[in-house]
Amino acid sequence: MSNSGAPLVGIFGGTFDPIHYGHLRIAEEIVKTVGLQKLYFVPAGMPRLRHSPVASPQHRVEIVRLAIQKNPDFVLDEREINRGGVSYSIDTVREFKQEFGEEIRLCFVLGADAFINLPEWKNWKELFNLFHFIVSTRPGYTLTLIKELLSKELREECSQRWVSNTESLRKDTSGLIFIASTTMLDISATSIRAHIADGRSVRHLVPSVTVNYISENKLYL
Ligand code: ATP
């Protein structure tokens, strides 16, 4: 099915424990490069594939809200937190799809480190019927390395899906993969939490509103 010029909306899922400039910078660049109408930040309730978040869902939501509040392209979506329990992207995206209808193309934004683990996601092959993937480069996962790091199974599934221009994303309904060559910022939530636990500053790794919120609420100590 094709429909040239369909609007693109992005979904950016993550634990955001806490959100940092690595997230915000790739989000900013992807919105502009891909031409997303909006990018929805969806903090996970309980992620299935990793350890439990350190901060409570309410704190993580509040930190995201503060960090994105001045950017009109960014929207906070609390559905995974409100749903409670383990978060599955497939459930979240099905809901978005129902709300937006067929005229919108959904793009799921994620880092390359997350993308190479796709076969561990619930009903992963079905995801290609629901949205396009926008995969961001990340230190250790450069443009040339990403494809080499894929398992045989994932490489085969992806082989006919790579696109190098964003126009294709507007034409096809779903199932394409675009690698966004974003600025490499070697920042992770793990390193931010470690900095705070060690009493080191995280200024300029996260927005100043986030720094203030974290210290006022004594998070990650
Ligand atoms: P943690 O260190 O706790 O594992 P994280 O920093 O990877 O967390 P997440 O909330 O798990 O942050 O990430 C959400 C999404 O953002 C994932 O798809 C991840 O790959 C991506 N991402 C996180 N940090 C970066 C970064 N610095 N550059 C590019 N992508 C990133």
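# Strand pairing, helix packing and a pocket

Trainee: Over how many bridges do strands S8 and S9 pair in the parallel sense?

Mentor: This is a predicted model, in which local features need pLDDT of at least 70 and side-chain atom pairs count only at pLDDT 80 or more, while totals for chains, interfaces and linings use all residues. Residues are numbered from 1 along each chain as its sequence is written, and side-chain values use heavy atoms, with hydrogens and water left out. Strands here are DSSP runs (E, at least two residues), as helices are (H or I, at least four), numbered from the N terminus, and two strands pair if DSSP finds at least two bridges between them. In S9, Phe178 is the bridge partner of Val163, and the number of bridges over which S8 and S9 pair, in the parallel sense, is two.

Trainee: Which strands stand at the edges of the open sheet?

Mentor: The open sheet has seven strands with parallel pairing, in the order S4-S2-S1-S6-S7-S9-S8. Each edge strand has a single partner strand, so one side of it is left without a neighbour in the sheet, and the two in this position are S4 (74-76) and S8 (162-163).

Trainee: What angle does the direction of H1 make with that of S1?

Mentor: Helix H1 packs on the sheet, with contact taken as heavy atoms within 4.5 Å, and it touches S1, S2, S4, S6 (105-111), S7 (132-136) and S9 (177-180). Axes are lines fitted to C-alpha atoms, for helices over the stretch in contact, and angles run from 0 to 180 degrees between N-to-C directions. Helix H4 (residues 89-100) also packs on the sheet, touching S1, S2 and S6, and its direction makes about 150 degrees with that of S6. For H1 and S1, the angle is about 165 degrees.

Trainee: How many of the seven residues of S6 are buried?

Mentor: Buried means under 20% relative accessible area, exposed over 50%, and partly exposed in between (1.4 Å probe, protein chains only). Both faces of S6 are covered, with Arg105, Cys107, Val109 and Gly111 on one side and Leu106, Phe108 and Leu110 on the other, all buried. In S1, six of seven residues are buried. S6 is largely enclosed by the rest of the structure, because the number of its residues that are buried is seven of the seven.

Trainee: Which residue in S7 stands opposite Gly111?

Mentor: On one side, S6 pairs with S1 in the parallel sense over five bridges, and Ile11 stands opposite Phe108 in S6. S6 and S7 also pair in the parallel sense over five bridges, and the residue in S7 opposite Gly111 is Ser136.

Trainee: Which residue in S9 stands opposite Ile134?

Mentor: S7 and S9 run parallel and are joined by four bridges. From S9, Ile177 and Ile179 point one way and Phe178 and Ala180 the other way, all of them buried. The residue in S9 opposite Ile134 is Phe178.

Trainee: What is the relative accessible area of Tyr141?

Mentor: Tyr141 has its place in the loop between S7 and helix H7 (143-149). Leaving aside neighbours within four places in sequence, Tyr141 is in contact with Ala112, Asp113, Ile116, Ile146, Leu149 and Met184. Tyr141 and Asp113 are 28 residues apart in sequence, and their C-alpha atoms are 6.9 Å apart in space. Tyr141 counts as partly exposed because its relative accessible area is 23%.

Trainee: What distance separates the C-alpha atoms of Glu120 and Arg48?

Mentor: Glu120 is found in the loop between helix H5 (112-115) and helix H6 (124-127). At 46% relative accessibility, Glu120 counts as partly exposed. Glu120 and Arg48 are 72 residues apart along the chain, and the separation of their C-alpha atoms is 9.6 Å.

Trainee: Which helix gives the most to the lining of the second largest pocket?

Mentor: A pocket is an open set of points on a 1 Å grid over the protein atoms alone, where a 1.4 Å probe fits, with protein on both sides within 12 Å along at least five of seven lines, and lining residues have an atom within 4 Å of a point. The second largest pocket is lined by 14 residues, of which Tyr21, Leu24, Ala67, Ile68 and Pro207 lie nearest its centre. The elements that give two or more residues to this lining are H1 (21-35), H2 (57-68) and H11 (208-216). With four residues, the helix that gives the most is H1.
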